[in-house]
Amino acid sequence: MTRKGLAFAFDRDTAWEAAGEGIRRKVLTYDTGVMMVRVAFEAGAVGVPHSHPHIQCSLVEQGVFDVTIDGRTERLRQGDSFLVPPNAVHGAVAIEAGVLLDVFTPMREDFVAAGA
């Protein structure tokens with residue numbers, strides 16, 4: 001079921017999908033210009049360094065992460081956030097199990113193709 005353009009998205013109606021070893025995600029709601037995604041990490045899971053043309057801002061909902069953006073690494077905890085400019089190489093390591101809430105602009109077409 002697509003959630004594109006829906007005013008409300010209910011967690012109970014949204015399935016988790018695999019997003020790497022020890023990582024799973026839920027595409028929550030989106031439209032052409034923006035997308036919100038919840039990403040859960042097991043302790044020690046690695047969001048491998050990558051880049052994309054989207055602007056990404058993320059909130060640490062739970063846990064502790066070492067986040068690297070363009071070679072700079074910071075340890076972030078619940079309530080901290082970060083901004084990834086377009087095409088910046090970035091990644092994260094879950095020091096403790098945790099959850100990131102990611103917002104992308106424009107939306108990630110590749111996440112929809114993956115089953116969102």
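Me: Is Q56 buried or exposed?

Reply: Buried means under 20% relative accessible area, exposed over 50%, and partly exposed in between, with a 1.4 Å probe and protein chains only. Q56 counts as buried because its relative accessibility is 6%. This is a predicted model, where local features need pLDDT of at least 70, side-chain atom pairs count only at pLDDT 80 or more, and totals for chains, interfaces and linings use all residues. Residues are numbered from 1 along each chain as its sequence is written, and side-chain values use heavy atoms, with hydrogens and water left out.

Me: Which residues is Q56 in contact with, leaving aside neighbours within four places in sequence?

Reply: Contact means heavy atoms within 4.5 Å. For Q56 the partners are F82, L83, V84, H90, D102, V103 and F104.

Me: Which side chain does R75 join by a polar contact of 2.7 Å?

Reply: A polar contact is a pair of N or O atoms within 3.5 Å; within protein, one must be able to donate a hydrogen and the other to accept it, and residues adjacent in sequence count only if both atoms are side-chain atoms. The partner of R75 is D66. R75 is partly exposed, because its relative accessibility is 44%.

Me: How many residues has the largest nonpolar core?

Reply: A nonpolar core is a set of buried Ala, Val, Leu, Ile, Met, Phe, Trp, Tyr and Cys residues joined through side-chain atoms within 4.5 Å. The largest here has 22 residues, and M35 and F82 are among those with the most contacts inside it.
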